[in-house]
Amino acid sequence: MSALGEISRWAIPFLLLVIPVVAFLRKIPVYESFVSGAEEGFKTGVRILPFLIGMLVAMRIFIDSGALELLGRALRPVLLRLGLDPNLTAIIPLAIMRPLSGSGSLGVATQLIYRYGPDSFIGRLASTLQGSTDTTFFVLTVYFGSVGIRKYRYALKLGLLADLVGLLAAIWIVTKVF
Amino acid sequence: MVNLIWLILLAGGILVAAVTGRIDTVTASALKAAEMGVEVAFELIGVMSLWLGLMRLAEEAGLVQGIARLFGPALRLLFPSLKPDSPALGAIIMNLSANLLGLGNAATPFGLKAMQELQKENPEPEVASPAMCTFLALNTSAITLVPATIIAVRLKAQSAHPTEIIGPTIFATGCAMTAAMIADRFFRRGQKS
């Protein structure tokens, strides 16, 4: 694993060195090219701004108002009746939060890790879940928004399905391995 | 679908706040979140300019195309609708590798760049193309190999083995990604007929 850590540490300096050097050797005006590409950064940032704000505001309100907690509590008896292991109910808020908000789900995962202990079943499951799935809903709205797509087709369904599989796989592997 | 979810998040939150006597939090949260949106976007602008500048250099030097050609066979399987030399492929690879290495800051610019390139090949500019759906499924399911943030949290919480969740995390990610790619095939076929 430390090998991977080393790669991560060297990746950016490596790219920052190799790309300009190769480009220079291929007779490209490196500085001017860089600047003309960098120009796009500002435009893209401004273009995604309204989507970011729209989503962040709606999600913050949903979380801070306690609506998310309420949803988790309402889902608990339903899931228990469907055969959910009672030991797993603590993970429900994280499972709902994960696709919506990265900082929100990190907060929930951190709380779970502290409350149940990092080496408890719930602590390990929360860690695995936080690391293995992404903020699907958020990524979709921002990425699609940045190029003006209004109709997502089956993208949301697909992303949430992958999250669900990730959740089930995380529960299974954490139960098996530890 | 998004419109409905957005409305539910907003209306549900405000309703719950009203009933539980926490209506003040709505105002505070809304304003704070709006501010945070600007912060996030402006932070992104800096990193994005850096990477898009570098990406332009790599493109003009032929490096992006080279990488795309290297991974071409695998990508053509996943993105049959794209031209084999599509500039989107290079950006997609850069996005996925940045994600895997845990360089979240670099991943977003490449991801947005990939979306722009995919949009250029999209016949209906307001509707997601099949390639976009595949890319986003791949992007949101295939994430980091070493979840550095959560390891840091575990370390702080005095875990005896903070890194022991790396294996399970990779397993769960792999399952999610495989499921996404299989389901993507079915959805794509379902749309055509």
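Good morning. I begin with helix α6(A), which has 12 residues and reaches 16 Å from its first C-alpha to its last, close to the 16 Å expected at 1.5 Å a residue. Please bear in mind throughout that this is a predicted model. How many of the 12 residues of α6(A) are buried? The number is 11, so α6(A) is largely enclosed by the rest of the structure. The buried residues are A:I122, A:G123, A:R124, A:L125, A:A126, A:S127, A:T128, A:L129, A:Q130, A:G131 and A:S132.

Which residues is A:R124 in contact with, leaving aside its neighbours within four places in sequence? From chain A they are A:P118, A:D119, A:V174 and A:F178, and from chain B they are B:R154, B:E164 and B:I165.

I turn next to helix α5(A), residues 102-116 of chain A. This helix has 15 residues and a reach of 21 Å from first C-alpha to last, close to the 21 Å expected at 1.5 Å a residue. Its buried residues include A:G104, A:S105, A:V108, A:A109, A:L112 and A:I113. As a general point, an α-helix has 3.6 residues a turn, so residues three or four places apart point the same way. What covers the buried residues of α5(A)? The cover includes α4 (92-97) and α6 of chain A, together with α8 of chain B.

Chain B holds 9 helices and 0 strands, and its pattern along the sequence reads α-α-α-α-α-α-α-α-α. The C-alpha trace of chain B spans about 60 × 50 × 35 Å along its principal axes. Of the 193 residues in chain B, 51% are buried. If we take contacts in chain B between residues at least 6 apart in sequence, 56% of them join residues at least 24 apart.

The contact is made by B:I14, B:A17 and B:A18 of α1(B), with B:I23, B:T25 and B:V26 of α2(B) as their partners. By class, this contact of α1(B) with α2(B) has 5 nonpolar residues, 1 polar residue and no charged residues.

The other pair is α6 (residues 104-120) and α7 (residues 130-141) of chain B, whose axes come within 10 Å and cross at roughly 165°. How are α6(B) and α7(B) therefore oriented to each other? They are roughly antiparallel, since angles over 145 degrees count as such. The crossing of α6(B) past α7(B) is right-handed. On the α6(B) side, B:G111, B:A114, B:M115, B:L118 and B:Q119 take part, and they meet B:A131, B:M132, B:F135 and B:L136 in α7(B). The residues of this contact of α6(B) with α7(B) divide into 7 nonpolar, 2 polar and no charged.

Helix α6(B) also packs against chain A. Its partner there is α7(A), at an angle of about 50° and with the axes 9 Å apart. The two helices α7(A) and α6(B) are therefore oblique to each other, and their crossing is right-handed. A:V142, A:Y143, A:F144 and A:S146 in α7(A) meet B:A107, B:T108, B:G111, B:L112 and B:M115 in α6(B). By class, the contact of α7(A) with α6(B) has 6 nonpolar, 3 polar and no charged residues.

B:G104 and B:K83 are 21 residues apart in sequence, and their C-alpha atoms are 28 Å apart in space.

I close with two backbone angles. Most residues other than glycine have a negative phi. Phi of A:R153, however, is positive, near 50°. A:R153 lies in the loop between α7 (136-146) and α8 (155-177) of chain A, and at 34% relative accessibility it counts as partly exposed. Phi of B:Q158 is likewise positive, near 65°. B:Q158 lies in the loop between α8 (148-156) and α9 (166-192) of chain B. Is B:Q158 buried or exposed? B:Q158 is exposed, with a relative accessible area of 72%.

Conventions:
Residues numbered from 1 in each chain as written. Chains lettered and ligands numbered in written order. Predicted model: local features only at pLDDT ≥ 70, side-chain atom pairs only at ≥ 80, totals over all residues. Heavy atoms only, no water. Helix = DSSP H or I, 4+ residues; strand = E, 2+ residues; numbered from the N terminus. Buried < 20%, exposed > 50% of the residue type's maximum accessible area, 1.4 Å probe, protein only. Axes fitted to C-alpha atoms, helices over the stretch in contact; angles between N-to-C directions. Parallel < 35°, antiparallel > 145°, perpendicular 65-115°, else oblique. Left-handed = near helix turned anticlockwise from the far one by under 90°. Contact = heavy atoms within 4.5 Å. Nonpolar A, V, L, I, M, F, W, Y, C, P; charged D, E, K, R; others polar. Expected span 1.5 Å × (residues − 1).
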